[in-house]
Amino acid sequence: MRIYKAKDYQDMSRKAANILSAQVIMKPNCVLGLATGSTPIGVYKQLIEWYRKGDLDFSEVKSVNLDEYKGLPKDHDQSYYYFMYTNFFKDINIDMANTNIPNGMEMDSEKECERYNHVIEKVGGIDMQLLGLGHNGHIGFNEPGEVFEKMTHCVNLTESTIEANKRFFASADDVPRQAYTMGIKTIMQAKKILLVVSGVDKAQILRDSLFGAVTSNVPASILQMHNDVTVVADEAALSLI
Ligand code: GLP
């Protein structure tokens, strides 16, 4: 595991964008695993800037996103489809047909999870998976629990996640209670993993994730078992390490 210390959020975003750019340059038809949340927004902004300068080409890139709220349509401003489109896809030359996100409007969980597992299989696996870190150690929407769920599954969001994400909704009551998420096995099968973390409020969970016990109670701790993980975090997030 490599840990890069960034000065601040902007520096973290730039360093992480450099790593993703290298992936796209070295393998123009790569499969990127993409993430939502506030942390990767700066990474996407930086990639858009370099794309506009002519340094990056996403025309052959395929993407698979980690997760989606169950029950939100694509055009809901808090759906992850909407997030990816407005924060990244609309400003680069990726072919939307090559982008994949779980379908939040499929109410049959079993059907949707099976479909999404096939999607990931069909794109041939993930070359580089970008990850953020939840305050409770979740990755994607793999919440702390008794087991590491392997494949795409439907999760009941924990109170702490609903609490953390309510800032984006009118009220906590509006936050969906369930989500579809890629499983831990699929994330761990990505060839490379890039974890971005910012802010002092993530310092303890980052330390637990990287140096604590490997346990499903801290889902991100499983990353200790992956052989190609790069962590880019700012000084505040690394303050306890
Ligand atoms: C969300 C997402 C995660 C994300 C996490 C942290 O719930 N499902 O993929 O990493 O929360 O979000 P943020 O970066 O806003 O702290």
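**Stop 1: Leu 130**

Select Leu 130 and show what surrounds it. Leaving aside neighbours within four places in sequence, Leu 130 is in contact with Leu 20, Leu 32, Gly 33, Leu 34, Ala 35, Pro 40, Leu 194 and Val 196. This is a predicted model. Leu 130 sits in strand β6. Is Leu 130 buried or exposed? It counts as buried, because 27 C-beta neighbours fall inside 10 Å, and the cut-off for burial is 20 or more.

Ala 16 and Leu 130 are 114 residues apart along the chain, yet their C-alpha atoms are separated by 9.0 Å.

Next, colour the nonpolar core. The largest one has 65 residues. Which members touch the most others? They are Leu 20, Leu 130, Leu 194, Leu 195, Val 196 and Ala 233. Leu 20, Leu 194 and Val 196 are also among the contacts of Leu 130. In soluble globular proteins, nonpolar side chains tend to be buried together.

**Stop 2: helix α1**

Select residues 9-26. This is helix α1, with 18 residues. From first C-alpha to last, α1 reaches 26 Å, close to the 26 Å expected at 1.5 Å a residue.

Show the side chains on its buried positions. These are Met 12, Ser 13, Lys 15, Ala 16, Ala 17, Leu 20, Gln 23 and Val 24. What do the buried residues of α1 pack against? Their partners are β1 (2-6), α2 (41-52), β6 (128-131), β9 (192-197) and β10 (229-234). Strand β6 is the one that holds Leu 130.

**Stop 3: helix α2**

Move to residues 41-52, helix α2. Its twelve residues should span 16 Å at 1.5 Å a residue, and the end C-alpha atoms are 17 Å apart, so the two values agree. Pick out Gly 42, Val 43, Tyr 44 and Leu 47, which are buried in α2. The buried residues of α2 pack against α1, α3 (80-87) and β9.

Then step past the end of the helix. Gly 54 follows α2 and has a positive phi, near 95°.

**Stop 4: Thr 39**

Where is Thr 39? It lies in the loop between β2 (31-34) and α2. Leaving aside neighbours within four places in sequence, Thr 39 is in contact with Gly 132, Val 196, Val 197 and Ser 198. For a distance check, pick Phe 83. Thr 39 and Phe 83 are 44 residues apart in sequence and 12 Å apart in space, C-alpha to C-alpha.

**Stop 5: the ligand**

Show the ligand and its shell. The shell holds 14 residues. Which of them come nearest? Gly 37, Ser 38, Thr 39, Gly 132 and Gly 134 do. Thr 39 and Gly 132 are also in contact with each other. By class, the shell has four nonpolar, nine polar and one charged residues.

**Stop 6: Ser 198**

From Thr 39, follow its contact to Ser 198. Ser 198 is in the loop between β9 and α7 (203-211). It counts as buried, because 27 C-beta neighbours lie inside 10 Å.

What does Ser 198 touch, not counting residues up to four places away in sequence? The list is Tyr 9, Met 12, Thr 39, Ala 233, Asp 234, Ala 236 and Ala 237. Met 12 is one of the buried residues of α1. Ser 198 and Val 232 are 34 residues apart in sequence and 8.6 Å apart in space, C-alpha to C-alpha.

**Stop 7: the annotated positions**

Finish with the database record. In an unreviewed entry, UniProt lists residues 11-229 as "domain: Glucosamine/galactosamine-6-phosphate isomerase". Over residues 11-229 the chain is 32% helix and 15% strand. The end C-alpha atoms of that stretch are 19 Å apart.

Which residues does UniProt place under "active site"? The unreviewed entry gives Asp 67, Asn 136, His 138 and Glu 143.

Select Asp 67. It is found in strand β4 (residues 67-69). Asp 67 is buried, with 24 other C-beta atoms within 10 Å. Beyond four places in sequence, Asp 67 is in contact with Tyr 80, Pro 102, Gly 140, Phe 141, Ala 179, Tyr 180, Thr 181 and Met 182.

Then select His 138, in the loop between β6 and β7 (153-156). His 138 counts as buried, because 25 C-beta neighbours lie inside 10 Å. Not counting residues up to four places away in sequence, His 138 touches Glu 143, Pro 144, Thr 161 and Pro 219. Glu 143 is another of the residues UniProt lists as "active site".

How values were computed: Residues numbered from 1 in each chain as written. Predicted model: local features only at pLDDT ≥ 70, side-chain atom pairs only at ≥ 80, totals over all residues. Near = placed C-beta within 6 Å. Nonpolar A, V, L, I, M, F, W, Y, C, P; charged D, E, K, R; others polar. Helix = DSSP H or I, 4+ residues; strand = E, 2+ residues; numbered from the N terminus. Expected span 1.5 Å × (residues − 1). Buried ≥ 20, exposed ≤ 12 C-beta atoms within 10 Å, placed from the backbone. Contact = placed C-beta atoms within 7 Å. Core = buried A, V, L, I, M, F, W, Y, C linked by C-beta atoms within 7 Å. UniProt positions renumbered as here; feature names shortened; annotations may be inferred.
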